[in-house]
Amino acid sequence: MPKEHLEVFENYCFECHDSFSEEGNVNLEDLSFTISGDIATAERWNQILNAINSGEMPPKKEKQISPKEKTAFLTDLSEQMVVARKLLSDSGGIVTMRRLNRREYANTIDALIGVRPDI
(Lines give C-alpha, C1' and ligand atoms only; values in the text may rest on other atoms or scores of the structure.)
Protein backbone atom coordinates (compact mmCIF):
# COMPACT_ATOMS: atom_id res chain seq x y z
CA MET A 1 0.00 0.00 0.00
CA PRO A 2 1.30 3.43 -0.80
CA LYS A 3 2.28 5.33 2.35
CA GLU A 4 0.19 8.37 1.33
CA HIS A 5 -2.86 6.36 2.40
CA LEU A 6 -1.59 6.50 5.96
CA GLU A 7 -3.23 9.96 6.01
CA VAL A 8 -6.63 8.32 5.50
CA PHE A 9 -6.02 6.23 8.62
CA GLU A 10 -4.74 9.22 10.57
CA ASN A 11 -7.72 11.40 9.59
CA TYR A 12 -10.55 8.88 9.78
CA CYS A 13 -9.53 5.68 11.58
CA PHE A 14 -6.92 6.09 14.32
CA GLU A 15 -9.25 7.90 16.69
CA CYS A 16 -11.09 4.61 17.30
CA HIS A 17 -8.69 1.98 15.98
CA ASP A 18 -5.28 2.86 17.44
CA SER A 19 -3.19 0.97 19.98
CA PHE A 20 -4.91 2.83 22.82
CA SER A 21 -8.59 2.51 21.83
CA GLU A 22 -8.69 -0.69 19.74
CA GLU A 23 -12.47 -0.51 19.27
CA GLY A 24 -13.76 -3.81 17.93
CA ASN A 25 -10.35 -5.31 18.76
CA VAL A 26 -8.91 -3.56 15.69
CA ASN A 27 -5.56 -1.79 15.98
CA LEU A 28 -4.64 -0.21 12.67
CA GLU A 29 -1.46 1.44 13.97
CA ASP A 30 0.35 -1.89 14.08
CA LEU A 31 -0.94 -3.04 10.68
CA SER A 32 1.78 -3.52 8.09
CA PHE A 33 1.37 -1.68 4.79
CA THR A 34 3.00 -4.69 3.10
CA ILE A 35 -0.20 -6.56 2.29
CA SER A 36 1.49 -9.58 0.73
CA GLY A 37 3.72 -10.11 3.78
CA ASP A 38 1.57 -12.88 5.25
CA ILE A 39 -1.96 -14.26 5.08
CA ALA A 40 -3.10 -12.70 8.38
CA THR A 41 -2.14 -9.21 7.17
CA ALA A 42 -3.86 -9.76 3.82
CA GLU A 43 -7.02 -10.95 5.60
CA ARG A 44 -7.06 -7.85 7.81
CA TRP A 45 -6.68 -5.63 4.74
CA ASN A 46 -9.53 -7.53 3.08
CA GLN A 47 -11.71 -6.77 6.11
CA ILE A 48 -10.76 -3.09 5.83
CA LEU A 49 -11.61 -3.09 2.13
CA ASN A 50 -15.00 -4.62 2.81
CA ALA A 51 -15.79 -2.30 5.73
CA ILE A 52 -14.95 0.89 3.84
CA ASN A 53 -16.46 -0.28 0.55
CA SER A 54 -19.76 -1.20 2.21
CA GLY A 55 -19.94 2.12 4.05
CA GLU A 56 -19.72 0.39 7.43
CA MET A 57 -16.60 2.39 8.26
CA PRO A 58 -16.25 5.10 9.20
CA PRO A 59 -19.52 5.06 11.14
CA LYS A 60 -22.20 7.51 10.01
CA LYS A 61 -21.75 9.71 13.11
CA GLU A 62 -18.02 10.14 12.43
CA LYS A 63 -16.20 12.32 9.90
CA GLN A 64 -16.54 10.68 6.46
CA ILE A 65 -13.80 10.03 3.91
CA SER A 66 -14.10 12.36 0.93
CA PRO A 67 -15.18 10.61 -2.29
CA LYS A 68 -11.84 11.44 -3.95
CA GLU A 69 -9.80 10.00 -1.06
CA LYS A 70 -12.07 6.99 -0.76
CA THR A 71 -11.82 6.19 -4.47
CA ALA A 72 -8.03 6.50 -4.50
CA PHE A 73 -7.67 4.44 -1.33
CA LEU A 74 -10.02 1.63 -2.42
CA THR A 75 -8.53 1.51 -5.92
CA ASP A 76 -4.99 1.10 -4.60
CA LEU A 77 -6.11 -1.35 -1.93
CA SER A 78 -8.01 -3.57 -4.35
CA GLU A 79 -5.06 -3.62 -6.76
CA GLN A 80 -2.70 -4.57 -3.93
CA MET A 81 -5.11 -7.29 -2.79
CA VAL A 82 -4.94 -8.88 -6.26
CA VAL A 83 -1.13 -8.87 -6.10
CA ALA A 84 -1.15 -10.27 -2.56
CA ARG A 85 -3.59 -13.03 -3.54
CA LYS A 86 -1.28 -14.10 -6.37
CA LEU A 87 1.83 -14.04 -4.17
CA LEU A 88 0.28 -15.76 -1.17
CA SER A 89 -1.50 -18.47 -3.14
CA ASP A 90 1.60 -19.49 -5.09
CA SER A 91 2.98 -22.78 -3.81
CA GLY A 92 6.27 -22.35 -5.65
CA GLY A 93 5.37 -25.01 -8.21
CA ILE A 94 4.98 -27.70 -5.56
CA VAL A 95 1.85 -29.79 -5.99
CA THR A 96 0.59 -31.30 -2.78
CA MET A 97 -1.13 -34.62 -3.27
CA ARG A 98 -3.92 -35.60 -0.96
CA ARG A 99 -6.44 -38.39 -0.78
CA LEU A 100 -10.09 -37.88 -1.59
CA ASN A 101 -12.62 -38.87 1.01
CA ARG A 102 -15.45 -41.25 0.00
CA ARG A 103 -17.90 -38.50 -0.87
CA GLU A 104 -15.34 -36.59 -2.96
CA TYR A 105 -14.31 -39.80 -4.73
CA ALA A 106 -17.92 -40.72 -5.55
CA ASN A 107 -18.65 -37.20 -6.82
CA THR A 108 -15.52 -37.20 -8.97
CA ILE A 109 -16.26 -40.57 -10.59
CA ASP A 110 -19.86 -39.48 -11.18
CA ALA A 111 -18.71 -36.22 -12.79
CA LEU A 112 -16.10 -37.94 -14.98
CA ILE A 113 -17.96 -40.99 -16.29
CA GLY A 114 -21.54 -40.51 -15.16
CA VAL A 115 -21.64 -43.57 -12.88
CA ARG A 116 -22.25 -43.28 -9.14
CA PRO A 117 -20.04 -45.95 -7.48
CA ASP A 118 -21.28 -47.82 -4.41
CA ILE A 119 -18.49 -47.16 -1.90
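These are my notebook entries on a predicted model.

**Entry: the core**

I started with the inside of the model. The largest nonpolar core has 21 residues. Which of them touch the most other members? I listed Phe9, Leu28, Ile35, Trp45, Ile48, Phe73 and Leu77. Next I looked up the helices behind this core. Helix H1 (6–12), helix H2 (39–53) and helix H3 (67–89) each supply at least two of its residues. I noted the general background too: in soluble globular proteins, nonpolar side chains tend to be buried together.

**Entry: aromatic pairs**

I then turned to the rings. How many aromatic pairs are there? The count comes to five. I looked up the pair of phenylalanine 9 and phenylalanine 73. Their ring centres are 5.8 Å apart. Their planes meet at 65 degrees, and the cut-off for edge-to-face is over 60, so I logged the pair as edge-to-face. Where do the two partners sit? Phenylalanine 9 is in helix H1 and phenylalanine 73 is in helix H3. They are 64 residues apart, and the pair links distant parts of the chain. Buried or exposed? Both phenylalanine 9 and phenylalanine 73 are buried.

I went on to phenylalanine 33 and tryptophan 45. The ring centres of this pair lie 5.4 Å apart. The planes stand at 75 degrees, so this pair is edge-to-face. Phenylalanine 33 belongs to the loop between H1 and H2, while tryptophan 45 belongs to helix H2. They are 12 residues apart, and this pair too is one that links distant parts of the chain. Phenylalanine 33 has a relative accessible area of 9%, so I wrote it down as buried. Tryptophan 45 comes out at 0% and is buried.

Which residues make up the aromatic cluster? Phe9, Phe14, Phe33, Trp45 and Phe73 form one cluster. Phe9, Trp45 and Phe73 were already on my core list, among the residues that touch the most other members.

**Entry: salt bridges**

I looked for charged partners next. The structure holds two salt bridges. In one, arginine 98 partners glutamate 104, and the closest N and O atoms are 3.3 Å apart. Arginine 98 is at 58% relative accessibility, so I noted it as exposed. Glutamate 104 is at 22% and counts as partly exposed.

What does arginine 116 bridge to? Its partner is aspartate 110, with the closest N and O atoms 4.0 Å apart. Arginine 116 is partly exposed at 49% relative accessibility.

**Entry: a surface patch**

I moved to the surface. Leu100, Tyr105 and Ile119 form a nonpolar patch there. Together they have about 280 Å² of accessible area. I looked up tyrosine 105 in particular. It is found in helix H4, residues 102–113.

**Entry: backbone details**

Glutamate 22 is partly exposed, at 33% relative accessible area.

Asparagine 25 is found in the loop between H1 and H2. I noted a positive phi of about 55 degrees for asparagine 25, although it is not a glycine. Is asparagine 25 buried or exposed? With a relative accessible area of 66%, it is exposed.

I then read the loop between H2 and H3, where proline 58 has its place. Which residue does a cis peptide bond join to proline 58? The bond joins methionine 57 and proline 58, and omega is about -15 degrees.

**Entry: lysine 60**

Lysine 60 is found in the loop between H2 and H3. At 69% relative accessible area, lysine 60 is exposed. I also looked up its distance to alanine 84, which is 24 residues apart from it along the chain. The C-alpha atoms of lysine 60 and alanine 84 are separated by 30 Å.

Key:
Residues numbered from 1 in each chain as written. Predicted model: local features only at pLDDT ≥ 70, side-chain atom pairs only at ≥ 80, totals over all residues. Heavy atoms only, no water. Patch = residues over 30% accessible without salt bridge, like charges linked within 9 Å, V, L, I, M, F, W, Y side chains within 5 Å. Areas by Shrake-Rupley, 256 points an atom, 1.4 Å probe, with all protein chains shown as cover. Salt bridge = Lys/Arg side-chain N within 4 Å of Asp/Glu carboxyl O. Helix = DSSP H or I, 4+ residues; strand = E, 2+ residues; numbered from the N terminus. Core = buried A, V, L, I, M, F, W, Y, C linked by side-chain atoms within 4.5 Å. Buried < 20%, exposed > 50% of the residue type's maximum accessible area, 1.4 Å probe, protein only. Phe/Tyr/Trp six-rings, centres within 6.5 Å; stacked < 30°, edge-to-face > 60°.
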